[in-house]
Amino acid sequence: MAWNRKHLLDIESLAAEDIVTVLDTARAFKAVGERAIKKVPALRGKTVVNLFVEPSTRTRISFELAEQRLSADIINFTAEASSLKKGETLKDTARNLEALNADFIVIRHSASGAPHFLARVLNASVINAGDGAHEHPTQALLDTFTIREKRGKIEGLNITILGDILYSRVARSDIWALTKLGAKVTLCGPATLVPRTFEEMGCRVTHNVDEAIRDADIINLLRIQHERQRKTMFPSIGEYTTLYGLNKARLEKIKPDALIMHPGPINRGVEIDSEIADSRRSLILEQVTNGLAVRMAVLFLVNGGKGPQEIAAN
Amino acid sequence: MSETTVILNAQAIQRALTRIAHEIAERNESGTDVVLIGIPEGGVPMARRLGAILKEIWHHSVPVGTLDVSMHRDDLDQRAAPTVHPTIVPFDVTGKTVVLVDDVLFSGRTTRAAMDALNDFGRPRRIQLAVLVDRGHRELPIKADFVGKNVPTAPAEKVHVRIAESGTTDEVVLEKK
């Protein structure tokens with residue numbers, strides 16, 4: 001199916017076919033990363049602004065490399081060293097960047113909806129690199145890509161997301177993407193971080209970790225978001241690890257071919273045992289490799305989404 | 001309803017491929033340095049079919065690859081993103097005679113993109129171009145070395161090539177607007 005979107009703001013508004021288009025396109029871009037020459041001219045002459053108002057390392061580096069491999073020109077803009085510190089509004093910052101003829105804005109912001117706002121006020125294509133606790137669409141696409149690559153499909157798989165769901169934009173985007181493609185999603189964690197309201201998104205909610213992971217084909221662990229958390233959410237990190245951390249004893253009870261994912265950065269010894277993170281079951285580093293391919297695919301697709309929708313004959 | 005005419009049927013396509021293969025063999029003598037690279041989608045089964053015929057002529061197998069050109073197109077911001085197909089070039093092209101294979105030659109822009117894309121895989125000794133249908137209306141200084149059939153067309157018309165590896169249901173259809 002032809003992609004006709006100018007922006008990537010969230011997964012919620014995508015159709016299942018759109019997600020599949022991204023995954024199929026990303027497969028070709030992953031192959032580009034395996035060649036001797038890893039660069040293609042698809043975005044030659046285009047300017048991308050990486051507007052990271054909230055700190056990020058892996059997502060920012062992944063986007064930067066994706067943009068470089070597509071031959072785009074890049075401007076990096078971080079909150080620490082910018083006019084935002086001097087009181088400039090997001091709208092003014094973005095307008096100034098657009099006055100430089102930026103074609104794409106990749107935005108990470110602590111406020112939910114910031115990318116949607118930019119998409120309304122700017123002509124550039126906007127890509128959401130994480131907005132508050134709302135969505136992180138490229139993470140969900142790379143998770144989905146990784147699962148499909150390993151298992152050949154998404155439909156019918158039991159996928160358990162374990163950890164801080166309430167504050168996690170990754171969880172929200174993952175839930176949208178995986179349920180749209182027909183996976184059976186189970187959420188698990190402390191009741192304060194995994195409220196029953198998530199059942200409205202079409203998933204199962206449980207607070208019993210052993211039951212949540214027993215039939216899982218994929219266990220996706222989420223980091224405890226210290227920075228978004230109030231102290232009252234759970235008693236201590238130690239207690240969380242005991243009750244919900246993935247350790248060797250729990251590992252013995254899961255399906256023999258179950259795979260473990262984590263969007264990073266991992267807190268070794270908190271949500272995951274160090275040895276498990278480095279084990280054969282772990283897809284953590286493959287997720288990083290696939291993230292690059294998925295972000296190249298997204299930039300490639302939204303670039304085409306700006307033009308007239310005529311497919312050239314022959 | 002738009003009017004359609006079959007311009008090549010399955011037998012005519014097989015004859016054209018056989019002739020193209022013999023012309024490739026004539027131009028490249030022993031063929032030990034020749035590799036075939038098909039451009040998706042139509043060029044891929046066509047390259048495999050040419051490879052099978054050349055194997056009978058040369059008595060040795062001919063490497064066949066697939067080269068997707070969508071990342072090297074010059075109209076990416078003027079159209080919906082094209083479907084990206086896998087690129088499979090499981091051999092070194094450096095020093096080889098690469099025969100690019102496409103079903104239809106039209107503006108020549110796909111061929112230009114293919115030559116650019118090929119650059120990333122090495123430096124061929126030479127590049128030749130084989131097409132099943134040359135429909136004219138070139139926008140670049142590009143010419144095919146091997147042509148199955150020249151078909152005069154109007155720019156708004158469409159040429160549909162249905163070509164499979166088996167070959168039984170093949171046809172080339174001209175759709176008039």
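View 1. The model is predicted: local features need pLDDT of at least 70, side-chain atom pairs count only at pLDDT 80 or more, and totals for chains, interfaces and linings use all residues. Residues are numbered from 1 along each chain as its sequence is written, with chains lettered from A and ligands numbered from 1 in the order in which they are written.

**View 2. Domain 1 of chain A meets domain 2 of chain A.** Domain 1 of chain A brings 19 residues to the contact and domain 2 of chain A brings 22 (contact: C-beta atoms, placed from the backbone, within 7 Å). On the domain 1 side, H1 (16–32), S4 (125–131) and H11 (284–304) of chain A each supply at least two residues. H1(A) gives the largest share, five residues. Helices (H or I, at least four residues) and strands (E, at least two) are DSSP runs, numbered from the N terminus.

**View 3. The largest nonpolar core holds 99 residues.** Such a core joins buried Ala, Val, Leu, Ile, Met, Phe, Trp, Tyr and Cys residues through C-beta atoms within 7 Å; buried means 20 or more other C-beta atoms within 10 Å of a residue's own, placed from the backbone. Ile105(A) and Ala297(A) touch the most other members. H11(A) provides the largest share, 11 residues. Both domains of chain A give residues to this core, so it lies between them.

**View 4. Ile105(A) has several contacts, including Val49(A), Leu51(A) and Val126(A).** Leu118(A) and Leu122(A) are also among them.

Definitions and conventions. Two residues are in contact if their C-beta atoms, placed from the backbone, lie within 7 Å. A residue is buried if 20 or more other C-beta atoms lie within 10 Å of its own, exposed if 12 or fewer, and partly exposed in between; C-beta atoms are placed from the backbone. Domain bounds come from an automatic or database domain assignment. Lists of a residue's contacts leave out its neighbours within four places in sequence.
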